[in-house]
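Thank you all for coming; I would like to take a few minutes to walk through one model with you.

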Amino acid sequence: MDLRIFTEPQQGAAYDTLLAAAKATEDLGFDAFFRSDHYLKMGDVDGLPGPTDAWITLAGLARETSRIRLGTLMTAATFRLPGVLAIQVAQVDQMSGGRVELGLGAGWFEDEHTAYGIPFPKEKFARLEEQLAIVTGLWGTDAGQTFDFQGEYYQLKDSPALPKPAQSKIPVLVGGTGASRTPRLAARYADEFNMPFGTVEDTERQFGRVRAAAEAAGRPADAITYSNVLVACVGKDDAEVARRAAAIGREVGELKANGLAGSPAEVVDKIGRYIEAGSQRMYLQMLDVHDLDHLELISAEVQAQLQ
């Protein structure tokens, strides 16, 4: 079971804070550092000093780290044109020496689009499908060849399909809870399928749908990595768990029901249930990105038991 750190900087984190967390992620032996792609805070927080751009952040971290994987859960397809996104991600992959992964989703948070003048189209899923086809098509075009695409929403002609990533193939993550279209999209494009904030039972059901869709598409189901993302709130004792829950504005009972909360032993036990449901990778949503002691505890007392 790989443990990866996932942050939500729109809730309030400057680049230097993210850099400190990424370096701690690397030093403490975690597999990867991922971030959300949002421009507006959610809930009852001030969100100061304001949003940071996902791919600008990852470009900086690419030069300041050396081992950990870097990526997004999920880049919003509404934020960027697919050709531009392919260039951005390929460049950051080069800057990192081949450590980038792209999570790409349809985009859903209408308020942030309104706040920053970003169009919020009605038909988002079909646009996401075209974006996945274009981004992977551009990267997969042989050097010296050109790439064309004629879709309903995007058209490319005689694209040189440059630059190329450092990796021969950048891993692409698709995620979601949809019962039919999402598994079909994952079966076609995903190297990893991510189940966001789901129960063990919902995870097992959705993984089954993705596996079935992959096999129906003529692809081995095991060619896809299956992962979860869950909020983390771990403490050495009940008082520390309660303090960390209060810091993120959540209740301990709710976190235990819906996330990975409690003592290290409780969290290891719950992760074990997700492993039984087919999960191979866990993204720990760290809502208080300033709390580096939290990362140290998880590394020493949770990660160590899962290796």
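Predicted model: local features only at pLDDT ≥ 70, side-chain atom pairs only at ≥ 80, totals over all residues.

Residues are numbered from 1 along each chain as its sequence is written, and side-chain values use heavy atoms, with hydrogens and water left out.

Let me stay with α8, which covers residues 238-247; helices here are DSSP runs of H or I with at least four residues, strands are runs of E with at least two, and both are numbered from the N terminus. Within α8, the residues E240, V241, R244 and A245 are buried, where buried means under 20% relative accessible area, exposed means over 50%, and partly exposed lies in between, with a 1.4 Å probe and protein chains only. These four lie on the same side of α8 because they cover an arc of only 135 degrees around the axis, the arc being taken from the directions from the helix axis to the C-beta atoms. On the face turned away from that buried side we find the exposed residues D238, A239, A246 and A247. The buried residues of α8 pack against β10 (225-234), α9 (252-258), β11 (260-262) and α11 (292-306), with contact meaning heavy atoms within 4.5 Å.

Turning to the loop between β5 (100-105) and α4 (110-116), we find F109 there, and F109 counts as buried because its relative accessibility is 12%. Leaving aside residues up to four places away in sequence, F109 touches H38, L40, K41, M42 and F120. F109 and H38 are 71 residues apart in sequence, yet their C-alpha atoms are 8.3 Å apart in space.

Finally, the cavities. How many cavities of 30 Å³ or more does a search of the whole structure find? There are two. The largest cavity holds about 60 Å³ of space, and R244 is one of its lining residues, together with others including V231, I248 and H294. β10 gives the most to this lining, with three residues. The second largest cavity holds about 30 Å³, and its lining includes I5, T7, M286 and L295.For these cavities, the terms are as follows: on a 1 Å grid over the protein atoms alone, a cavity is a set of points where a 1.4 Å probe fits but cannot get out, and lining residues have an atom within 4 Å of a point. Grid points are joined across faces, edges and corners, and a volume is the space filled by probe spheres set on the points.

Note on methods:
1 Å grid on protein atoms, 1.4 Å probe; cavity = no way out; pocket = protein on both sides within 12 Å on 5 of 7 lines; lining within 4 Å.
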